Amino acid sequence: GFMPEINISAKLSGDLKLTGNIESRIINYDNPFEGTGTFKNQYQLIDASIYLSQKLKLNQSLSVGYLLRSREDLIIHRFIQQYSIVSSLDALRLGHRFALDQTLDPDGNWEFRTRYRITAEKPLSGDKIDPKEFYLKAGNEYLGIFEGNQT
C-alpha cells in the first residue's frame, strides 16, 4: 500500500516549532505472503497530529504531540513524547528518535508504547541535503507495547 501525507510547520518563537500532519493509509495488495493475495484499493485509516517541538541544542529536540486516528468507525487518541538527535557524517545524515506514547482506545483501555527509530538520509546530488533537492531516506523503527485496562 501507500501512505500519502501532508506536513505543515511554523516557527513560533526562538527554537519553538509547531508541526501539523495529516496522513492516510491505503492498502493496494492483501495477503502478499500467502500466495493468494489480491489487488485492491482499500482505505484503512487517517491520522491527524500536531506536535510542539523545542530545539535543545543544534542537533537535538524535545517534542510533545497529540494524534487523532479515525479507523473504520473508531476514534483513537494518542499522546506522544519524543526526543530526537540528528548527526551528520560527511554526505550522510543519521537521525535517532526515542519516543513514548499512550493510546486511549474507544473502550477506555490504555496502551503504552516505547519506540526507537533510526533513519539515514543521503542526497542524490551534492554533498548535503538542500531545500528542494531529492534525497534517499531509509529507516527502521522498533516498538515495545504494554497494555492496561482502565478501571
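Thr103 counts as buried, at 6% relative accessibility. The model examined here is predicted. Thr103 sits in strand β6, which spans residues 92-104. The side chain of Thr103 makes a polar contact of 2.7 Å with that of Arg78.

Salt bridges were then examined. The whole structure contains eight of them. One joins Asp47 and Arg69, with the closest N and O atoms 2.7 Å apart. Asp47 belongs to strand β3 (residues 38-57) and Arg69 to strand β4 (residues 60-71), so the pair ties together parts 22 residues apart in sequence. Asp47 and Arg69 are both buried.

A salt bridge also connects Arg97 with Glu141, where the closest N and O atoms are 3.0 Å apart. This pair links distant parts of the chain, 44 residues apart: Arg97 is in strand β6 and Glu141 in strand β8 (residues 135-148). Arg97 counts as buried because its relative accessibility is 10%, under the 20% limit. Glu141, with a relative accessible area of 34%, is partly exposed.

Glu141 also meets Arg115 in a salt bridge of 2.7 Å, N to O. Glu141 lies in strand β8 and Arg115 in strand β7 (residues 110-123), so this bridge ties together parts 26 residues apart in sequence. Arg115 is buried, with a relative accessible area of 16%.

These residues belong to a wider arrangement. A network of salt bridges links Arg78, Arg97, Asp101, Arg113, Arg115 and Glu141. Arg78, a member of this network, is also the polar-contact partner of Thr103.

Conventions
Residues numbered from 1 in each chain as written. Predicted model: local features only at pLDDT ≥ 70, side-chain atom pairs only at ≥ 80, totals over all residues. Heavy atoms only, no water. Helix = DSSP H or I, 4+ residues; strand = E, 2+ residues; numbered from the N terminus. Buried < 20%, exposed > 50% of the residue type's maximum accessible area, 1.4 Å probe, protein only. Polar contact = N/O pair within 3.5 Å; in protein donor to acceptor, adjacent residues only side chain to side chain. Salt bridge = Lys/Arg side-chain N within 4 Å of Asp/Glu carboxyl O.
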